[in-house]
Every structure is written in structure tokens, then in C-alpha cells.
Amino acid sequence: MTTEVIFQNGFQEKYFRSDSKGKIEMILENYITFQHQLSGIENGIKMDIKYDQDIKARNERGNLGLRVQTSCVSDPTAKEAIRNIELDRAFEENDLEMELERTGTPEVYRNQLMMLDSMRDDYHIIQIVISTLSSKDSNSLNDYFAYQRQNISFVDVADKKDMPVGSVYQKYWRVKCKVKKGAIGKFERKYGRKS
């Protein structure tokens with residue numbers, strides 16, 4: 001029996017449907033926002049786990065469609081805060097098994113967490129490859145990422161440096177090719193070669 005695959009967003013789905021070269025390209029094209037994407041995916045998984053736990057708990061109590069107080073003391077705000085802290089701690093300590101068993105579909109969440117960890121590992125591979133570049137290439141790539149962050153185009157960079165746009169583009173393209181070349185072997189070992 002196969003387990004359902006749920007993607008948190010289109011970015012994650014596109015990432016996992018890509019081959020090794022596509023994954024490397026996506027990381028490099030989204031390098032400055034990739035960690036933000038990972039945080040969003042993690043928060044989406046947390047929210048889905050909480051919703052699933054709520055549904056399972058209601059069904060176990062016999063969902064009457066009404067909220068029934070189950071104790072003499074009711075403090076839903078504190079209860080929710082404690083749940084959030086426990087879930088955050090489980091994520092930080094990578095000890096989610098108890099949280100997952102309180103859902104109706106723990107295997108779905110295990111798959112989501114494996115995908116998230118895989119994306120983190122892939123990003124780390126790219127960081128390692130970048131750290132092995134020469135200082136000149138590393139500076140060029142850092143400049144490229146800074147321009148990306150500030151939404152500065154190659155045309156603006158070329159004007160500022162008084163050089164042709166093609167030369168500016170080629171400079172960054174060559175460094176990105178070095179990163180891709182350095183990372184592809186690691187990705188193919190991890191994901192297998194595409195035939």
C-alpha cells in the first residue's frame with residue numbers, strides 16, 4: 001500500500017518532481033529565500049499535524065458537532081499554547097513519533113518530514129560546495145545573491161560597473177556552473193542518476 005504524498009506548496013511539489021539538476025537549479029535560483037521556504041513548509045506541517053490531532057481526538061470522543069467540556073477547568077488558550085510548545089519542542093529535538101501517533105495518518109506526516117529533511121540536506125550540500133569556491137568566485141556569487149536580495153537587475157549592475165550586460169551575466173553564470181558541477185555528484189549519489 002502506498003502512502004499519500006501531500007506537498008505544502010507548489011514550490012515543494014516542483015522541487016520533488018525535479019531531477020538532481022533541477023533541484024540544484026531551484027536552490028540556486030531561490031538561494032536567498034530557500035530557508036524561508038523551508039520554514040514555511042515546516043509551519044504548514046505543524047499546522048496540519050495539529051488539525052489532524054484535533055480531528056482524531058474529536059472522533060475518539062464521538063464527534064457530536066458540539067463542543068463538550070471534558071473537565072471542570074477550561075482554559076483553551078493555555079491548552080493551545082502548551083500544544084504549540086510541545087510540538088515546537090518535538091520538531092527542535094527531532095522527536096516527533098508521539099506527536100505523529102496522535103494523528104490519524106502518521107505515515108503521511110513521516111513522508112512530509114522526510115521531504116523537508118531532504119530539502120534541508122540539499123541546501124546544505126549547496127552551501128558546502130559554495131564554501132569550497134575560490135574567494136574570487138565566492139565574492140562574485142555573494143554579489144549576485146546581494147543583487148537578487150535587492151531586486152537589482154543585470155542591466156543595473158552593468159551600468160554601475162560600466163561593462164556590457166553579457167559580461168556581467170557570463171561572470172555569474174560561470175560561477176553558478178562551478179557550483180552545479182560541484183554539487184551534481186552528491187545529488188546523483190543521493191537521488192540516483194537519471195537514465
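Helices here are DSSP runs of H or I with at least four residues, and they are numbered from the N terminus. This is a predicted model, where local features need pLDDT of at least 70, side-chain atom pairs count only at pLDDT 80 or more, and totals for chains, interfaces and linings use all residues. Residues are numbered from 1 along each chain as its sequence is written, and side-chain values use heavy atoms, with hydrogens and water left out.

Let's start at Ser-20, which is found in helix H2 (residues 20-29). Its relative accessibility is 8%, so Ser-20 counts as buried (buried is under 20% relative accessible area, exposed is over 50%, and partly exposed is in between, using a 1.4 Å probe and protein chains only).

Now zoom out to the whole of H2. Of its 10 residues, 7 are buried, so H2 is largely enclosed by the rest of the structure. Besides Ser-20, the buried residues of H2 include Gly-22, Lys-23, Ile-24 and Met-26, along with Ile-27 and Leu-28. And what covers them? The cover includes H1, H3, H6, helix H7 (135-149) and H9.

Tyr-15 leads us on to the aromatic pairs. Rings of Phe, Tyr and Trp (its six-membered ring) pair if their centres lie within 6.5 Å; planes under 30 degrees apart are stacked, over 60 edge-to-face, and the rest tilted. By this rule there are 13 aromatic pairs. In one of them, the rings of Tyr-15 and Phe-34 have centres 5.9 Å apart and planes at 55°, so the pair is tilted. It links distant parts of the chain, with Tyr-15 in helix H1 (residues 10-17) and Phe-34 in helix H3, 19 residues apart. Both Tyr-15 and Phe-34 are buried.

Compare that with Phe-154 and Tyr-172: their ring centres are 5.7 Å apart and their planes at 25°, so this pair is stacked. Phe-154 is partly exposed at 24% relative accessible area, whereas Tyr-172 is buried at 2%. One aromatic cluster takes in Tyr-15, Phe-34, Phe-154 and Tyr-172, and its members also include Phe-11, Tyr-31 and Tyr-123.

Finally, follow Phe-34 into H3. H3 (residues 34-61) and H6 (residues 106-131) pack at an angle of about 170°, with their axes 11 Å apart. Axes are lines fitted to C-alpha atoms, for helices over the stretch in contact, and angles run from 0 to 180 degrees between N-to-C directions. H3 and H6 are therefore roughly antiparallel (over 145 degrees; under 35 is roughly parallel, 65 to 115 roughly perpendicular, and the rest oblique). Among the residues making the contact are Phe-34, Leu-38 and Ile-41 of H3 and Tyr-109, Leu-113 and Tyr-123 of H6.

Methods:
Helix = DSSP H or I, 4+ residues; strand = E, 2+ residues; numbered from the N terminus. Contact = heavy atoms within 4.5 Å.
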